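Please work through each task before reading its solution.

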Amino acid sequence: MMRTKLKILAGLVVALPVAATPAVAEEDFMAWLLDFHRTKGVAPVTDERYKEECGECHFAYQPGLLPAKAWDALLNEQSLRRHFGANAELDSDTLRDVHDYAVNNAAEKSYYKLSRKISVATSEGQVPVRITELRYIAREHRHIPERMIKGNNGVKSLSFCDKCHTEAEKGIYDPDTVSIPNYPHWGD
Amino acid sequence: VNGEDVRKVMEKMGCGSRYWGHFASFCIVALSSFAYADEPAGNPDLPSAASAYVRDPRALKLSPQDSQLIMDSQLYGPIPYLLAGNEDQTLAGEGSETEAPGSGDAPVSGRKVHKYLGLGTLALFGLTALTAPDGGRNNTSRQNTGTHHQLGIATAAMAASTVASGLLVHWDDFHFEDGYADPDNLHVMLAGAGTLAMLYAVSVAPAHSHSGAGIAGGAAMVVAVKLTW
């Protein structure tokens, strides 16, 4: 009986680190291993300054939604002058704080499942800076008709995650928490 | 495939006729719940704006900045409803459909059924391991009517139900173009392999040693669940 228990324990000890290798070690592996809270989506934003500065104009996207190289390309003085068609310049101190928070919590530095998926999918080749152009995100939304997004006054663009993902602010993007404005029976 | 075929397969796997009924029950429970999947809450016929219930806007208690509305209504006629800033398009008929009330979190869905079947499998696996008689070394305890044996069959059946429900509700979540390291791909591979190992362990028990296959199957299941938890 004792031997059986030891075998189970040994199997788990060996298998988990091997399977979790895509998640990189910035976060404490043991903390993730022993954490029974769900980490299916992305880590919620915890930095007030990031939330305030980004959230002033749009939904404060969680850093775990893009890899570090994408945040690096997005959050610099030159890029912010033409931030998806708008001038979003920040003073240098704020920019440094926002940049550092995003890069330090980027997809490849998180154990959250959605971040690990994004990290694996963007580990090679060119990385899109638009979250909606990530292969996984694009694939998940490809079946939703345009009338429910662009033609929907309550949504207008895929960029507004929180319009349909009712728990987006907590980093939860599970389909069970989706409610498309004006389309209560969207899943039918 | 009919019920007789399933029964024969189950008998070949070492499960008596009374066990295939258990297996079928698991499958029915798993599949029947999909009927409720993604059922949104609320009444779609309700108007989107609470103000739609109020015929006379002046009956509302207005905040100071709304005094302009009263003046306008006196000058230009009655205002149909008091609108929030973003509701003018709805009034103009551009958004003719009503908004979805509630948070959208479905109380019962295929995903939740899959999750609980998976957790149930882990719980049964733990119980099966705990009830293993003397590490399988004592021949006198090798019988197919003991608690360990029955728990083993229940675990394998529940694992198979979990895989079946996962394939149905998460069919679009795993793509091998994403590579073997993708968490969902790993989840599918480990859970599938774990279930096969469990079914193998059940099929060779109690005549042959099966602890290795059973433990490997359970461990693969635990890792598969943790990776996507």
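A charge sits over a ring if NZ of Lys or CZ of Arg is within 6 Å of the ring centre and within 35 degrees of the ring normal. The model is predicted: local features need pLDDT of at least 70, side-chain atom pairs count only at pLDDT 80 or more, and totals for chains, interfaces and linings use all residues. Residues are numbered from 1 along each chain as its sequence is written, chains are lettered from A and ligands numbered from 1 in the order in which they are written, and side-chain values use heavy atoms, without hydrogens and water.

**Exercise 1.** Identify the ring over which the charged end of Arg38(A) sits.

Solution. The ring belongs to Trp229(B), and the charged end lies 4.1 Å from its centre.

**Exercise 2.** Describe helix H6(A) and its buried residues.

Solution. Step two: its buried residues (under 20% relative accessible area, 1.4 Å probe, protein chains only) include Leu95(A), Val98(A) and Tyr101(A). Step three: the buried residues pack against helices H3, H4 and H5 of chain A, with contact meaning heavy atoms within 4.5 Å.

**Exercise 3.** Classify the pair formed by Tyr50(A) and Tyr101(A).

Solution. Step one: rings of Phe, Tyr and Trp (its six-membered ring) pair if their centres lie within 6.5 Å; planes under 30 degrees apart are stacked, over 60 edge-to-face, the rest tilted. Step two: this rule gives three aromatic pairs over all chains. Step three: Tyr50(A) and Tyr101(A), at 5.1 Å centre to centre and 55° between the planes, are tilted. Step four: the pair links H3 and H6 of chain A, 51 residues apart.

Terms used. Helices (H or I, at least four residues) and strands (E, at least two) are DSSP runs, numbered from the N terminus. The expected span of a helix is 1.5 Å times one less than its number of residues. Buried means under 20% relative accessible area, exposed over 50%, partly exposed in between (1.4 Å probe, protein chains only).
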